[in-house]
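Please read the following points beside the structure, taking them in order.

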Amino acid sequence: MAFVTANWNPLGESFYRKIELYEMGWNLKDGLRECLVAAAPYGGPIALLKGHYRRSPSARPQLEIYSSSGLPLASFPWKSGVVKQLGWTVSDDLLCVQEDGTVLVYDLWGGFKRHFSMGNEVSQSQVLETKIFHSPYGTGVAILTGALRFTLATNIDDIKLRRLPEVPGLQEAPSCWAVLTQDRQSKVLVANGSQLFILDNTACTPVTPPGLSPQASSIVHMCVSFSYKYLALLTDSGHVWMGTSNLKEKLSEVDTKIKTPPKQMAWCRRPKSQQPSAVVMWDGLLIVVGECKETIQYHLDDDSVLVPELDGVRIISGTHHELLQEVPGACEEIFKIASMAPGALLLEAHKEYEKESQKADEYLREIKEQSLLSEAVRQCVEAAGHEHEPETQKTLLRAASFGKCFLSNFPPEQFVSMCRDLRVLNAVRDYTVGIPLTHTQFKQMTVQVLIDRLVYRKLYPLAIEVCRYLKTPEYQGVSRVLKHWACYKVQQKEESDEVIAKAVSVKLADAAGISYSEIATKAYESGRTELAIKLLEFEPRSGEQVPLLLKMKKSPLALSKAIESGDTDLVYTVVMYLKNELNRGDFFMMLRNQPVALSLYKQFCKHQEQDTLKDLFNQDDDHEELGNFYVKASYKDQRLEARVALLQSAVDEYYKAKNDFSAKTTEDEMRLLRFQRKLEEEKDEQLVGFSLQDTMTTLLSVGLHKHAEQLYKDFRVPDKRFWWLKLKALAEKEDWEELEKFGKTKKSPIGYLPFVEVCIKHHNKYEAKKYVSKVTPEQKVKAHLAVGDMEGAAEAAIERRNESEISTVLSRCSATTDHLLMERLNRAKATAVKK
Amino acid sequence: MASHLFCGRVNLNILREAARKDLREFLDKCSGSKAIVWDEYLTGPFGLIAQYSLLKEHEVEKMFTLKGGRIPSAAVKNIVFFVRPRLELMDIIAENVASEDKLKPREFHILFVPRRSLLCEQRLKEKGVLNSFTNIDEYILDLIPYDGDLLSMESESSFRVRQSLNECYLENDQTSLYHAAKGLMTLQALYGTIPQIFAFHVANMMLRMKREFAGSHTQILPVFDTLLLLDRNVDLLTPLATQLTYEGLIDEIYGITNGYVKLPPEKFAQKKQGEGGKDLPTEPKKLQLNSAEELYAEIRDKNFNAVGAALSKKAKIISAAFEERHNAKTVGEIKQFVSQLPHMQAARGSLANHTSIAELIKDITISEDFFDSLTVEQEFMTGVDTDKVSTYIEDCIAQKDPLIKILRLVCMQSVCNNGLKQKVLDYYKKEILQTYGYKHILTLKNLEKVGLLKPQSTMRNNYPTIRKTLKLWMEDANEQNPNDISYVYSGYAPLSVRLTQVLARPGWRSIEEVLKILPGPHFEERQQVPTGLHKKRQPGENRTTLVFFLGGVTYAEIAALRFLSHMEDSGTEYIIATTKLINGTSWIKSLMDNPEENLP
């Protein structure tokens, strides 16, 4: 504990510390000498290309991939062309840029994934230098060709090559260059002697860093910060200039007093840094420069590589792996010698408490008097996050927890999540895993990405533990990991389909939201169709199975799965696919076995292909539907003969379907049509298209009584309806004479009240009255009322001694004119009620 | 803007907000100024989600209706099609795109509502225009919040499609069911997994949902305790009956679409002095109807016979409130009075509107026609003379009353008699065909396919058993101060709602005999809820049940469920979801097939 500050070095206002992350597990004979090295940021893997300088065909260079702790992940002899540069993508894939501009992509395990070219121009003039960079758009590659031109691809997953404009006056390779991301664009910053240019898509603009010391005649090295916000330049006079990358502001300039060109330079800052600082490395020497004149110097035993990180620089040598960073504010406050910061006091208080000393109380009081206890807890929690040693973390967290006891309403989230985060971080920092993430990096990277990284490393159990521990929702966490595991599992060639399918189903049994179709796709891609089909069986969402089944040409299965999914659109997709794949006969046969698909297809045909619909009905001997089909078709033809012919077909089909009603009805329809046509020709009266009822009405209205009667008999129209019809038609025509005649033909099947009412409706009270006497006793009152004969109504009602009828009449009487009548009615009502 | 969605027990505005968010995100994907080309059918449902102002905020400058030929010129960067996934619409879009000015190309986008469709994309590909689209997306609009307790999918002719799972199917198309299942998924994503599911007659749907849900786990405390899935097939009778609640009658007579009703304007003319009603407005009066309007919320579910009293009571309260001004003496009192004025004026406007509507409806309900038809309906429902030809129906046909009215009555008689004698059925059919034209033979066949019309099989009529056991007919229905759901049809208690009521208390086990008679099997299913999300009910806290009507629901049924929610000791509150809001007329209409229409 006392030695926390032992590795601290002051520089200006702040401190820098170098922490050992790992003693490297690899065994490199010559260290990193003569190696091409690439280490991925965020504690990613390290790639070494050994012996690539020796260009003899007998000795092939060896490509090796290690974890950050130096555990071997892959190793194989390099058989392709000369590699100019290695680099890692944001998703932990290795990029090897060859001299001819071809970029080969390998996974973490040395498996070849793909390759792409940086264009003809690059392959012709060869690669001189190359840089691999990361931007919000993904991983990019920038190349300086032998023709001294720059070619750039901002995202290797969506390659759009850009050739940048020429740099004026460039005769040989520039002294140094770097890639910047500014204004959502990738640009190249080039130094040619003392001149500096910015190259973007369209132009090459000369720029001058403000306040660069005049002694410099050449810029020999440059580096851009992790966030692309800052730029550091090293001149041949040994000065390091630091400023913003837009070259608008100078932050500081420091003389390193060393004039030899360095091996590497990197920014060493952290979010909320107190000062800008950079690290410059020569053979055997490392210097940290900041705002002040002084520098921190470290001696290096061995050839090393600097890996810039979000919050510091990692230094990898043949034997060690270290992290150099500015000491975070919270740690400084707490651990600085004689610090009186609340966190420091709390830590002290807790120490005393553990010793069971009353001084603990004194310290606590001191913090509490200034009401800084919650601040103190926060400091301790934050500092714990920045400490690498679990013991130190624990001490700080214990102190925080101790302080919390004296606070009410202190939100616990920060403390709880820090404990959780640290547990995860300590697990992944473990030597066997070898991902030396800092808390700051972890937060930037997110849990999701960390889990992805663990999955790439095939550390499935750990990934699952992390998900469970952090309570990541299952389908984002455990299920996803299991899916990756299964995808990996199905590619294991040595095991049989049964064994793998069983292993997968057992492991994945109760995990929610697993997409078996993705796993099956993976199996299919590795040539295991049978396994793919087995795995698809586990997919609960049948819809998901369909695309793969189609791809594997298992169309009948695809069809039944599509139907099972209930997704009509999917069924249609398969049906249409089958329609194109199969001949008509087979296609129909297949549909026949799938009623749902068949009826959907019928519906499609109804709108799109009428003739196919008929064929389908024919195939099924569905006479009823065929009949309907012809009936429908008959309405689409204008010519009478064609209509009748179609209807005749319908009749035939209906008879075959044993639907006598439909057949007879359709025969009636044909009969009516013929009749209508005949009369149209004879009498020039528009009739076709009318219903039987309307036809009769029309005939009556134009006086063709005989013809109407004929229809009435031929079509066996019920008497009641015909009487209604004739009554209304004649009244409409105001042919009262004919109506009277009609009324006397025989006893009306609808009674005579309708006669009264229809006449009244046509305002003929005189005619109406003629029928009142014929009305049945029950309807008499209504009839009298209809013609406005109050006395008659009263008479009838009283005669019938019907209370409600009497009331009805009463309600229609007016008090002024029917005074006497009302008296009578009231009396009658009284007696009626008595009864 | 959407205050009506807050008033229910479940905040349905979450659903609306989620829908709005999706819409905004899509619009922002098509950066720059844009014009929307609308599939006309969608404008109504979209109006419930977002007003024009929202579209405007996202640079929508023009709106057109989808039709053939060239899209009207508009100086916009993007053309966005909002369409249902239908092939015939794809053909129109292809024509639009093909006739676009090649010199000033605009970017095209398609938003499929409610799902994108491979079939449609294939059609666009065949027409050679698929690559002209920058964005092809789907806008999942399954369940649209209509009111604080009401969700609807408003799918086209949902019952027609709904029949898919029955032997007597019409189209055998499960699309609507699939969307319903997806809609429930969306709902559960927002409101948590529903622990308990009851279903009637929808086995397939249940299985499907179980499978779909298997993959998802929401970390949300379940809002709903129970889901009840009711297939319209279980209760074919209710929609055929004339609804007698205020809202139900408005729908029966004028039709409510997407929360709006269009009314004859005469009664709404502003009576200004001096003008003497010279120029009456000719445009129909369009009114929005939802529970945001205090008065409407109060009277919508009342039996129409109780509306008059409620309106006059309200009138007294309002005029009393206006009289208050005379009592306001101090400045403070006057200030308070003035602050209430806008609210009071709104209330007065609302009262005037509803008084006019009530007058319009009353003109119809007091007519002899209405009375006679209602009497026959009630006779059928109580089982009077359902086995012979009804003279009333006969007379109506002879008078050539509207065909839909006839069909409603005949279907009702058939349902109440568990099918008609072959002779009776054939007689009705013949009468209808002779009077209204032979073309209606296809409509009659459709009605037979879905079971609304059927010949009586050897089985005896079991409707009376159902009616008696479930107490579907209440002789003394109290219209003014109801004590039973039967008030919504002045005597008839809707079967669907009775089933819901019995399920809550005492449970379906008590009516097993009847359940056997009703079509289709019934299920109970439990869904796993993540531990820690089990709801702890406070004492006295009601359960919340989501009742999902597959194949449509009527306003009267909704009213009955609301009545159950508000009953003092019911213990359950209901949220209603449906594939479509229907009434007998719209329902029958959706089943009609006129071969003279849709000529290609």
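**Notes on the predicted model**

1. Side chains of opposite charge can pair when their charged atoms come close. The pair is one of seven salt bridges found across the interface of chain B and chain A, and the same interface has 21 residue pairs in polar contact.

2. Which elements of chain B supply two or more residues to the side that touches chain A? They are helices H5 (118-126), H7 (175-191), H8 (203-214), H14 (391-398), H16 (422-436) and H17 (441-449) of chain B. The largest share of that side, nine residues, is given by H16(B). Sorted by class, the side of chain B that touches chain A holds 20 charged, 16 nonpolar and 11 polar residues.

3. The extent of the contact can be stated in two ways, by residues and by area. Chain B contributes 47 residues and chain A contributes 54 residues, while the two chains bury about 4400 Å² between them, with 53% of it on carbon and sulfur atoms.

4. Turning to chain B by itself, its secondary structure comes to 22 helices and 15 strands, and of its 600 residues 56% count as buried. Among contacts in chain B between residues at least 6 apart in sequence, 79% join residues at least 24 apart.

5. The largest nonpolar core has 292 residues, and those with the most contacts inside it are B:Phe81, B:Phe82, B:Leu452 and B:Leu499. Helix H15 (residues 403-416) of chain B gives the most to this core, namely 10 residues. If residues up to four places away in sequence are not counted, the residues that B:Leu452 touches include B:Leu236, B:Leu240, B:Cys411, B:Val415 and B:Trp587. Another core, of 31 residues, lies apart from the largest one, and among its members are A:Leu144, A:Leu152, A:Trp177 and A:Val179.

6. The loop in question runs between helix H21 (555-566) and strand E15 (572-578) of chain B. Leaving aside neighbours within four places in sequence, B:Ser570 is in contact with B:Arg505, B:Leu564 and B:Ser565. B:Arg505 is 65 residues away from B:Ser570 along the chain, yet their C-alpha atoms are separated by 8.4 Å.

7. B:Glu17 is partly exposed, at 34% relative accessibility, whereas B:Arg20 is buried, at 12%.

8. The side chains of B:Glu513 and B:Lys516 also meet in a salt bridge, at 3.6 Å from N to O, and both of these residues are exposed. B:Asp401, which is buried with a relative accessible area of 18%, forms a salt bridge with B:Lys405, the closest N and O atoms being 3.0 Å apart. Finally, a network of salt bridges links B:Asp147, B:Asp149, B:Glu247, B:Arg300, B:Asp301 and B:Arg562.

Key. Residues are numbered from 1 along each chain as its sequence is written. Chains are lettered from A and ligands numbered from 1 in the order in which they are written. This is a predicted model: local features need pLDDT of at least 70, side-chain atom pairs count only at pLDDT 80 or more; totals for chains, interfaces and linings use all residues. Side-chain values use heavy atoms; hydrogens and water are left out. Contact means heavy atoms within 4.5 Å. Buried area is the accessible area (1.4 Å probe) that two parts lose on being put together, summed over both. A salt bridge is a side-chain nitrogen of Lys or Arg within 4 Å of a carboxyl oxygen of Asp or Glu. A polar contact is a pair of N or O atoms within 3.5 Å; within protein, one must be able to donate a hydrogen and the other to accept it, and residues adjacent in sequence count only if both atoms are side-chain atoms. Helices (H or I, at least four residues) and strands (E, at least two) are DSSP runs, numbered from the N terminus. Ala, Val, Leu, Ile, Met, Phe, Trp, Tyr, Cys and Pro count as nonpolar, Asp, Glu, Lys and Arg as charged, and the others, Gly among them, as polar. A nonpolar core is a set of buried Ala, Val, Leu, Ile, Met, Phe, Trp, Tyr and Cys residues joined through side-chain atoms within 4.5 Å. Buried means under 20% relative accessible area, exposed over 50%, partly exposed in between (1.4 Å probe, protein chains only).
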